[in-house]
Amino acid sequence: WKHDSKIAYFIPVKHGDRVVAVVATGSRAGEKEQKLVRLERHRVLGEMAAGISHNLNNILTSVIGPAQLLKHISQDEKIHEEADHIIRAGERAQDLVYRLYRSAKGDTQDEQELVDINSLVKEAIQATRPRWKDEAESRGAPIEITTELSDIAEAYVTASGLNDILINLIFNAIDAMEFGGTITIKTESLSEGAKLVVTDTGNGMDQETQDRVFEPFFTTKQDVGTGLGLSTVYGTVTRWGGKIEIQSQPGAGTTFLLWLPGGKPANQIEQKE
């Protein structure tokens, strides 16, 4: 690097659980050079996202197709139920891949709509059941999920985006409770939208961790995780025009509080008009 360059990002490249390389991007102090670097970075990310999207969609099609076929050749209701879970999860993954591609291309506009939060909470609990129920019990650390859902809880978001958020928060809570515990999910209807609260009885966080938890690539997990889950949650909620906060203390669990908008953000209304 030249002396007048600045490192903008470090991106670890892993093989298994080993970091085998680090990709760094840099830009010079000049405004023109910085703009060119940004444009080139977005171009490369767009090409990478296109390739990843294509390959992942092929893989997901190979998962969804057999599950759909299984529904046709079996009369067993339990098999139908499990096949539906596979199909829905695969379709959500396809949507996530598509949104990744759009984001890399610079198109971050979400097609927001009025969504029933309670139904998505129930879906996310069912989708994550293998981890919080089966896996946790198999290692002798049972986890219980309880809900306190208001009669009506609606917000102007995207169903797939909120589903991703709920799954991320549930998985984060599971990882914080190595000896088991309880996850509580609450919803509350507000005049300006809805409030979603996810609480766990896990390890909790000190203030330094709370200050950094939404940073990309920041993680306290030793063996799993990329540090992108909570940064994605933060980015999605703020893009919708909502807000997210943390309440936590070491040894006393963690609570994530999300305020979700009840109407389309002003900038989106102006764009429509």
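**Strands, core and rings in a predicted model**

User: Let's start with strand 7, residues 193-200: is it mostly covered or exposed, and how many of its residues are buried?

Analyst: Strand 7 is mostly covered, with seven of its eight residues buried; please keep in mind that this is a predicted model.

User: Which way does strand 7 run against strand 6, parallel or antiparallel?

Analyst: The two run antiparallel, and eight bridges join strand 6, which spans residues 181-190, to strand 7. They form a hairpin that has two residues between the strands, and Leu-190 stands opposite Gly-193 of strand 7.

User: And what about strand 7 and strand 9, how many bridges there?

Analyst: Eight bridges join strand 7 to strand 9, and this pairing is antiparallel. Gly-193 stands opposite Pro-261, which belongs to strand 9.

User: Changing topic: in the largest nonpolar core, which residues touch the most other members?

Analyst: That core has 39 residues, and Leu-162 and Ile-183 are the ones touching the most other members. Helix 5, residues 159-175, supplies the largest share of the core with eight residues. As a general point, nonpolar side chains in soluble globular proteins tend to be buried together.

User: What is Leu-162 in contact with, leaving aside its neighbours within four places in sequence?

Analyst: With those neighbours left aside, Leu-162 is in contact with Ile-117, Leu-120 and Val-157, and also with Leu-196, Trp-240 and Leu-260.

User: Now the rings. How many aromatic pairs are there?

Analyst: The structure holds two aromatic pairs. In the pair made by Phe-214 and Phe-256, the ring centres are 6.5 Å apart and the planes are at 65°, so this pair is edge-to-face. Phe-214 lies in the loop between helix 6 (207-212) and helix 7 (229-240), while Phe-256 lies in strand 9 (residues 254-261), so that the pair links distant parts of the chain, 42 residues apart.

User: Are Phe-214 and Phe-256 buried or exposed?

Analyst: Both Phe-214 and Phe-256 are buried.

User: Which residues do the ring pairs link into a cluster?

Analyst: The cluster linked by ring pairs consists of Phe-214, Tyr-234 and Phe-256.

User: One last thing: where does the charged end of Arg-131 sit?

Analyst: The charged end of Arg-131 sits over the ring of Phe-171, at 4.7 Å from the centre of that ring.

User: And what does Lys-243 lie over?

Analyst: Lys-243 lies over the face of Trp-259, with a distance of 4.7 Å from the ring centre.

Notes. Residues are numbered from 1 along each chain as its sequence is written. This is a predicted model: local features need pLDDT of at least 70, side-chain atom pairs count only at pLDDT 80 or more; totals for chains, interfaces and linings use all residues. Side-chain values use heavy atoms; hydrogens and water are left out. Rings of Phe, Tyr and Trp (its six-membered ring) pair if their centres lie within 6.5 Å; planes under 30 degrees apart count as stacked, over 60 as edge-to-face and the rest as tilted. Helices (H or I, at least four residues) and strands (E, at least two) are DSSP runs, numbered from the N terminus. Buried means under 20% relative accessible area, exposed over 50%, partly exposed in between (1.4 Å probe, protein chains only). A charge sits over a ring if NZ of Lys or CZ of Arg is within 6 Å of the ring centre and within 35 degrees of the ring normal. A nonpolar core is a set of buried Ala, Val, Leu, Ile, Met, Phe, Trp, Tyr and Cys residues joined through side-chain atoms within 4.5 Å. Contact means heavy atoms within 4.5 Å. Two strands pair if DSSP finds at least two bridges between them.
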